[in-house]
Amino acid sequence: MKENMLVMNKKNFLGTVCVAVALTAVVSSCGDGTTRSAGWEFSRNMYDPIAFNPDQPNKNFKNNSTAQTPPQGSNPIGFDRFDYGNSVEEYERAGLELKNPLVVNPAHLKEGEALYLTYCAVCHGKDGAGDGPITKDREVDDSRGKRALENFPPPPSYHQSAGTPSSRGGQMSELSDGKIYHTITYGYNAMGSHASQLSPEERWKVVMYVHELQKK
């Protein structure tokens, strides 16, 4: 009998403690109705940054604004400036002035080939002959039945043996570093810009590999 009473007393005591803790939590989180206080907060310094938020006022600057206009000529982190416009004149200037900053070696050529096969071969073809799969007759068979897909015009071949002229003058096999890089960056004719798909370094690796295709 005494054992049962002890067990019941322990249960009642634990229940009372739990109810008291719950009531304390509720009361402390409600506030007094006159302030915006949320009561007790855990690790506030983990979600209140020490630094200013961009949209906060900031007396450290003359215009009282945290977000400041970057200094003229500065570049965002991870951004490489390309000081050539999207025009034929700028294309020709890039062809004269730009040189591939990367050293030609087997590792760069292998990476350039992988990037070319991923982003370029679908139109230009695996070997740069302008015979990519998107230029050939294709069809699809799905729930709507069998139908032909649109063909895209084949781009000119890079091969020296083909003697293909570029639409902007000269031979495709003689395109310089800067001209290829400019075209990858801005695109031309049916080819769209690949600046969002390929970083500047990756573009230069593709340029390096295209020069290998020009030797065929």
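This is a predicted model: local features need pLDDT of at least 70, side-chain atom pairs count only at pLDDT 80 or more; totals for chains, interfaces and linings use all residues.
Q: Is N151 buried, partly exposed or exposed?
A: N151 lies in the loop between β2 and α5. Its relative accessible area is 31%. Buried would need a value under 20% and exposed one over 50%, so N151 is partly exposed.

Q: What separates the C-alpha atoms of N151 and I134?
A: Neighbours within four places in sequence aside, N151 is in contact with I134, T135, K136, D137 and R138. I134 and N151 are 17 residues apart along the chain. The separation of their C-alpha atoms is 6.2 Å.

Q: How is α2 oriented relative to α5?
A: Helix α2 spans residues 88-97 and helix α5 spans residues 177-186; their axes come within 6 Å and cross at roughly 135°. Angles over 145 degrees would count as roughly antiparallel, and 65 to 115 as roughly perpendicular. The angle therefore makes α2 oblique to α5.

Q: Which residues in α5 meet α2?
A: The crossing of the two helices, α2 and α5, is right-handed. By class, their contact has 2 nonpolar, 4 polar and 3 charged residues. From α2 come E90, Y91, E92, A94 and G95, and they meet, in α5, G178, K179, H182 and T183.

Notes. Residues are numbered from 1 along each chain as its sequence is written. Side-chain values use heavy atoms; hydrogens and water are left out. Axes are lines fitted to C-alpha atoms, for helices over the stretch in contact, and angles run from 0 to 180 degrees between N-to-C directions. Helices (H or I, at least four residues) and strands (E, at least two) are DSSP runs, numbered from the N terminus. Angles under 35 degrees count as roughly parallel, over 145 as roughly antiparallel, 65 to 115 as roughly perpendicular and the rest as oblique. A crossing is left-handed if the near helix is turned anticlockwise from the far one by less than a right angle, and right-handed if clockwise. Contact means heavy atoms within 4.5 Å. Ala, Val, Leu, Ile, Met, Phe, Trp, Tyr, Cys and Pro count as nonpolar, Asp, Glu, Lys and Arg as charged, and the others, Gly among them, as polar. Buried means under 20% relative accessible area, exposed over 50%, partly exposed in between (1.4 Å probe, protein chains only).
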